[in-house]
Amino acid sequence: MKKLAWWSLLPLVAFAATRDDYASRWPLALQREDSGAYRVVLDREVYRQLQSPRLRDLVVVNAQGTPVATAVFPADAPLAQSGTTVALPWFPLPLDAGASRQDIAAISEIATDGSLRRVEMRAPGDATAATGDGGFVVDASQLRVPLAALRIAWSDAAAFDRGYRVSASDDLRQWREVDADARLVQLQNNGKRIVEDRIALPAVQARYLRLLPGSTQASALIVTGVIAEPVGQIAEPALQWEALQGKRVDTPQGATFEYTLDGRFPIEAADVVSTGNSTRGWTLERRDDPQSAWQPAAPPWMAYRLDSAGTSSRSPPQPLHVGSRDHHWRLRARDAFDGAPPLLRLGYRPEVVVFLAEGAPPFALLAGSARASRQEAPLPQLVDALRAERGRDWQPATASLGKRELLAGDAALQPLEPPTDWKRWLLWGVLVVGAALVAGFAVSLLRGKPAG
């Protein structure tokens, strides 16, 4: 975190969020308390509260209710996608396994598939087990892709700063050095805590990884888990679906079916669901305002369903021309259609909110407002800088949404009455009074004029 001090130079949002500004609040549970930056995936409840097409009525606040730097990243951004992680087996080593360059294969039991079954903690002939940190071996033999990093979990409560030499091998005999000074850190001071549990690796692909302490340690690190982060293993978020019931509307051009989407979902695909065997061509249109003209949403496509011998085949979802957050959707059948309105499914990939942990926790996400608007923060530039420094696979820590809490509710979704323009009314008042004075003066002159 030493290179992140300039976060404090980011401009803070100038306004203070109040409970009356937003409809709902979600408390955020942080995966780690010392990461500085976090990512939280939006869910259906949040989208249903949002009013702004640009999601400007969404912000993260700290314990004082002050907004922190917040930005929304699209689902197709690498930062928005969660990387795949894999739990790996690990085995503690005897104290002299590294110092004597001992052949670890000689004290290990290896399965036919190359995986480690056990490692002898005492070398043959040793009468007593030495105390200290002998390091440990990580079994990555089941992975088929290079590793970007290892995350180490431990149960030690004491503060420490330990350096490890990381080496890789495919046979437990010949080792090549990967990192001469990888560090695991746990420090505490005045209630503050710093933890560094991630060891970045230069795209290493090997069956085994060995971590040996760089200096003598009085006790071994009590490891409780090892998580691998494979290189480039980015899990694309799956499409989620909103199922809409429509109503039939007869037009001069034929029957159409209209649907209303409640929420600002980033729709990118559509699917028409029918019952039984069917095939029909469809055209999909969209608009955000009931008074606006309909716009094409997707190329015309053929939707089909075929049930046969206990199996069902269906047409794939139809991609949209461009993503849309519109509220109103319309299906038009290319041929005459007298049946009930079909079920329209609209697909989206949840976006990710990234925020900085400015101020004191706990943090919360506020959403839904016709009154407040989030100010832009330069988080994309910060993310680019961090990924350049820490590698393209760097990700903020995870935060998860808690149970929704009602704030101002529907009242926050109503625009405030425009403020009274007192200057305008004062000007009109002056004009009216002036006109009255002129009229009165004219009348007095007329009354005082002598008869001819």
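Two strands are taken as paired if DSSP finds at least two bridges between them, and helices (H or I, at least four residues) and strands (E, at least two) are DSSP runs, numbered from the N terminus. Residues are numbered from 1 along each chain as its sequence is written, and side-chain values use heavy atoms, with hydrogens and water left out. Because the model is predicted, local features need pLDDT of at least 70 and side-chain atom pairs count only at pLDDT 80 or more, while totals for chains, interfaces and linings use all residues.

- Five of the five residues of strand 28 (residues 352-356) are buried, so the strand is largely enclosed by the rest of the structure; buried means under 20% relative accessible area, exposed over 50%, and partly exposed in between (1.4 Å probe, protein chains only).
- In a regular strand the side chains alternate between the two faces of the sheet.
- On one side of strand 28 the buried residues are Val352, Val354 and Leu356, and on the other they are Val353 and Phe355, which leaves both faces covered.

**The overall picture**

- The protein has three helices and 31 strands.
- Of its 452 residues, 43% count as buried.
- Among contacts (heavy atoms within 4.5 Å) with a separation of 6 or more, 81% are between residues 24 or more positions apart.
- The accessible surface, from the Shrake-Rupley method with a 1.4 Å probe, is about 24,400 Å², and 54% of it belongs to carbon and sulfur atoms.

**A hairpin**

- Strand 23 (residues 301-308) and strand 24 (residues 311-314) run antiparallel over four bridges, with Ser308 opposite Thr311.
- Two residues separate the strands of this hairpin, and Ala309 in the turn has a positive phi of about 50°.

**Backbone details worth a look**

- Most residues other than glycine have a negative phi, and most peptide bonds are trans.
- Leu172 has a positive phi, near 70°; this residue sits in the loop between strand 11 (160-169) and strand 12 (176-189) and is buried, at 0% relative accessible area.
- Ala203 also has a positive phi, near 50°, but its place is in strand 14 (residues 198-204), and at 45% relative accessibility Ala203 is partly exposed.
- Pro361 and Pro362 are joined by a cis peptide bond with omega about 5°, and Pro362 belongs to the loop between strand 28 and strand 29.

**A buried glycine**

- Gly368 lies in the loop between strand 29 (364-367) and helix 2 (379-390), and is buried with a relative accessible area of 0%.
- Leu50 is 318 residues away from Gly368 in sequence, yet their C-alpha atoms are 4.4 Å apart.
- Leaving aside residues up to four places away in sequence, Gly368 touches Asp21, Tyr22, Ala23, Gln49, Leu50, Asp57, Ala412 and Leu413.
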